[in-house]
Amino acid sequence: MAIVSSGSSAPRGRPSRDELPARLVDPAPVLEELPAAASGLPREDSLRPKRLADYIGQSELKQVLAIAVEATRARQEALDHVLLYGPPGLGKTTMALVLAEELGVRCRITSAPALERPRDIVGLLVNLQPHELLFIDEIHRLNRVAEEILYPAMEDYRLDLTVGKGTTARTRSLDLPPFTLVGATTRAGSLSSPLRDRFGLIQRLEFYGLDELQQIVERAAGLLQIKLEGGAALEVARRCRGTPRIANRLLRRVRDVASVRGHGRIGAPLVAEALSLHRVDDRGLDASDRRLLTLMLEGYGGGPVGLDTLAAGLGEDSATLEAVVEPYLLQLGFLQRTPRGRLVTPAGRNHLGWPAKAAA
């Protein structure tokens with residue numbers, strides 16, 4: 001299986017060198033975590049599993065896709081179009097690469113923001129070979145023209161092109177080889193109904209459990225030739241917010257500390273010390289998370305307090321605060337949204353060592 005990227009070495013919609021996440025626990029990928037063809041950078045790309053058997057977690061998803069792949073190979077057809085959705089960092093791109101490997105075909109990688117003009121997506125489609133996979137990341141960001149080109153391509157393997165202008169314009173149809181479109185999105189609800197209805201398989205990726213994350217860390221440590229003592233992998237897994245991408249990133253940072261300090265083997269105390277340097281605590285909260293909770297507790301008695309007030313107090317944009325900082329705190333149950341504003345929960349108070357709020 002070969003991986004091919006479209007567009008430039010740093011496709012639009014993916015982070016550039018100047019757009020790296022400022023937070024270690026940000027689930028958005030940095031360049032070293034993109035597939036080799038998509039980033040154009042040499043690096044350790046071996047952490048991604050190549051086969052379904054090596055893919056840890058997402059057991060229901062793997063069962064569904066394994067059956068679809070086996071049936072497709074038996075019929076010697078192209079796999080149905082697949083839509084993968086869920087929070088970032090859970091393995092949507094990796095699953096697309098695994099599917100291509102299982103089918104023994106090439107995977108072409110692009111992202112919706114890179115397909116601005118009709119010729120961008122037309123060029124991709126006409127160059128597809130039979131049964132190849134076309135992976136479009138952030139597919140909810142496709143523009144209307146690109147979507148309309150995809151409709152007949154997905155449904156009838158046909159490309160409708162308009163030649164000429166005005167009264168001389170006419171439509172020509174080109175036949176396309178059978179192919180599989182794999183779309184990935186963090187916002188399935190933002191897809192238009194006509195586009196969503198053309199996917200034969202629509203699957204959600206869930207957050208990973210602690211046992212699964214521990215296995216992922218142990219596997220990555222083996223591939224990176226890192227020697228972990230008992231409990232070290234679990235310590236990394238506890239801090240990675242249920243996201244494999246963050247787990248692998250934290251493991252690399254722990255490796256850096258161990259290498260500089262001359263530790264041949266990494267134990268749980270060293271993991272805790274290394275990640276404390278990056279201000280990531282035992283529940284995966286970083287400095288930005290604790291700043292928000294601390295401001296609410298110290299300045300507003302734990303709330304309720306409005307989003308704009310918090311944004312002004314932290315010097316952050318309210319949209320960034322709502323989209324980047326709050327989701328994990330809500331997921332943990334440390335923060336609550338109410339009609340009157342944001343509120344720190346008893347669990348959040350307890351985590352920061354604050355006493356329970358007295359009853360009114």
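Because the model is predicted, local features are reported only at pLDDT of at least 70 and side-chain atom pairs only at pLDDT 80 or more, while totals for chains, interfaces and linings use all residues. Residues are numbered from 1 along each chain as its sequence is written, and side-chain values use heavy atoms, with hydrogens and water left out.

The protein contains 14 helices and 12 strands, where helices (H or I, at least four residues) and strands (E, at least two) are DSSP runs numbered from the N terminus. Of its 360 residues, 48% count as buried, a term that means under 20% relative accessible area, with exposed meaning over 50% and partly exposed in between (1.4 Å probe, protein chains only). Among contacts (heavy atoms within 4.5 Å) between residues at least 6 apart in sequence, 71% join residues at least 24 apart.

Helix α3 spans residues 92–103. Its 12 residues reach 17 Å from the first C-alpha to the last, close to the 16 Å expected at 1.5 Å a residue, the expected span being 1.5 Å times one less than the number of residues. Since 11 of the 12 residues of α3 are buried, this helix is largely enclosed by the rest of the structure; the buried residues include Lys 92, Met 95, Leu 99 and Glu 102. Thr 93, which also lies in α3, has 9% relative accessibility and therefore counts as buried. The unreviewed UniProt entry annotates Thr 93 as "binding site", although such annotations, whose positions are given in the numbering used here and whose feature names are shortened, may be inferred rather than shown by experiment. Just after α3, Gly 104 adopts a positive phi of about 70 degrees.

Two helix pairs share helix α12. Helix α11 (residues 287–300) and α12 have axes that come within 11 Å and cross at roughly 105 degrees, the axes being lines fitted to C-alpha atoms, for helices over the stretch in contact, with angles from 0 to 180 degrees between N-to-C directions. The two helices α11 and α12 are therefore roughly perpendicular to each other, a label for angles of 65 to 115 degrees, whereas those under 35 count as roughly parallel, those over 145 as roughly antiparallel and the rest as oblique. In this pair, Arg 291, Leu 292, Leu 295, Met 296 and Tyr 300 of α11 meet Thr 309, Leu 310, Gly 313 and Leu 314 of α12. Helix α12 (residues 307–314) also packs with helix α13 (residues 318–332), at an angle of about 90 degrees and with the axes 9 Å apart. This angle makes α12 roughly perpendicular to α13. The contact involves residues including Leu 307, Asp 308 and Ala 311 of α12, together with Ser 318, Leu 321, Glu 322 and Glu 326 of α13.

With 39% relative accessibility, Arg 337 counts as partly exposed. Leaving aside neighbours within four places in sequence, Arg 337 is in contact with Glu 322, Glu 326, Leu 330 and Arg 342.

In strand β5 (residues 158–163), Asp 160 counts as partly exposed at 30% relative accessibility. The C-alpha atoms of Asp 160 and Ser 173 are separated by 4.5 Å, although these residues are 13 residues apart along the chain. Beyond neighbours within four places in sequence, Asp 160 contacts Pro 152, Thr 171, Arg 172 and Ser 173.
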